[in-house]
Amino acid sequence: MPAKFDDISKKATAVLNDDYQVSGYQLKTKQKTSFDGAVMSAQVDLWGAAKDNCMTPAKLTWKLPKPLGFSAITIDKLEMDKTGAFKLEALSEKLYPGLKVNCKSDLTDIAKITSGFTYTGLKDTQFMFDTKATAPQEFTGEITRTQGPVTFGAKLTHKNITKPDLGLNFASGPFFGALTAKEGLKVFTGACYYKATQDLQCAASYTMGGKADGNISVGLAYEIQKGLSLKAKIQQDQSVSTSVKHVVSKGFTVTAGAKYEMASGKSTYGVQLSIE
């Protein structure tokens, strides 16, 4: 199945961006229940910022695969954040083979309700479409397709119909490369990935044009041993970030990291505990 358009570069960007807990302290928990497979997740930011007026701001998320035993609809996300704001995402995959219909709402403003679909009934191709229920002209659509070692796609909205965002990636053995063109085909981002050994992965990305013009990131991920991995990267602002992820035991993971900005001498660090 081809990736979503926004994930075309993911194999490289995952090495550069995922699992870097370089600021703050966070506790994540996830518990599956026997109530029709319902899953409850919590994210607590310990010692929150003074502006939050709370030392443990939290976000609670529920997933209900069969709400009240009704299997035709899935509540994929029912979330309440630290401000008391809600997010609801519901979907159904029972209407037609390969078709997934979704609806999203903040449970407050009817103008923010969106609905759409994902269709994967055509081999190696994925169509996605979303629009506001009260303003159907404000839409987002995308198509991605895999052809051999290449995945390519386009994403358009009501604002860029004549010049949609374009992207493609190519994978061959240990090599992976991706290129996207966005913002009216004026901002180009390239990303590459190389699996040097079974335990060592390297990646880099560069952006040309737009507000992020000149942004570059180079990093690596190294599996020291099973359940223990190290990541490090350096960016164009002369900042260096490192992170260590340790699966202490099944369902209990610790991620710790630090970031040092050579230009200013500023440093930050953070820890995340994940229990599920």
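Is Phe129 buried, partly exposed or exposed? With a relative accessible area of 29%, Phe129 is partly exposed (buried is under 20% relative accessible area, exposed is over 50%, and partly exposed is in between, using a 1.4 Å probe and protein chains only). The model is a predicted one, in which local features need pLDDT of at least 70 and side-chain atom pairs count only at pLDDT 80 or more, while totals for chains, interfaces and linings use all residues. Residues are numbered from 1 along each chain as its sequence is written, and side-chain values use heavy atoms, with hydrogens and water left out.

Phe129 has a ring partner in Phe139. Rings of Phe, Tyr and Trp (its six-membered ring) pair if their centres lie within 6.5 Å, and the planes count as stacked under 30 degrees apart, edge-to-face over 60 and tilted for the rest. By this rule there are four aromatic pairs. One of them is stacked, because the ring centres of Phe129 and Phe139 sit 5.7 Å apart with their planes at 20 degrees. Phe129 belongs to strand β8 (residues 125-132) and Phe139 to strand β9 (residues 135-147), 10 residues apart. Helices (H or I, at least four residues) and strands (E, at least two) are DSSP runs, numbered from the N terminus. Phe139 counts as buried, at 17% relative accessibility.

Next comes the core. A nonpolar core is a set of buried Ala, Val, Leu, Ile, Met, Phe, Trp, Tyr and Cys residues joined through side-chain atoms within 4.5 Å. The largest one has 11 residues, among them Phe5, Val15, Phe176 and Tyr193. Two or more residues come from each of α1 (10-17), β12 (175-182) and β13 (187-195), and α1 gives the most, with three. The buried residues of α1 are Ala12, Ala14, Val15 and Leu16, and they pack against β12, β13, β14 (200-208), β15 (216-225) and β16. Contact here means heavy atoms within 4.5 Å. Leaving aside neighbours within four places in sequence, Val15 is in contact with residues including Tyr20, Tyr193, Ala203 and Lys231.

Just after α1, Asp19 takes a positive phi of about 65 degrees. Tyr20 lies in the loop between α1 and β1 (24-32) and counts as buried, at 14% relative accessibility. Not counting residues up to four places away in sequence, Tyr20 touches Val15, Leu220 and Ser243, among others. The C-alpha atoms of Tyr20 and Ser243 are separated by 5.6 Å, although the two are 223 residues apart along the chain. A polar atom of the Tyr20 side chain lies 3.2 Å from the backbone nitrogen of Ala232. Lys233 lies over the face of Tyr20, at 4.5 Å from the ring centre (a charge sits over a ring if NZ of Lys or CZ of Arg is within 6 Å of the ring centre and within 35 degrees of the ring normal).

Two other loop residues have a positive phi without being glycine. Glu183, with phi near 50 degrees, is found in the loop between β12 and β13 and is exposed at 57% relative accessibility. Gln238, at about 65 degrees, sits in the loop between β16 (228-235) and β17 (239-249) and is partly exposed at 44%.

As for the cysteines, the whole structure has zero disulfides (a disulfide being a pair of cysteine sulfur atoms within 2.5 Å). The closest cysteine sulfur to that of Cys202 is in Cys192, 9.3 Å away and so too far for a bond.

Notes. Polar contact = N/O pair within 3.5 Å; in protein donor to acceptor, adjacent residues only side chain to side chain.
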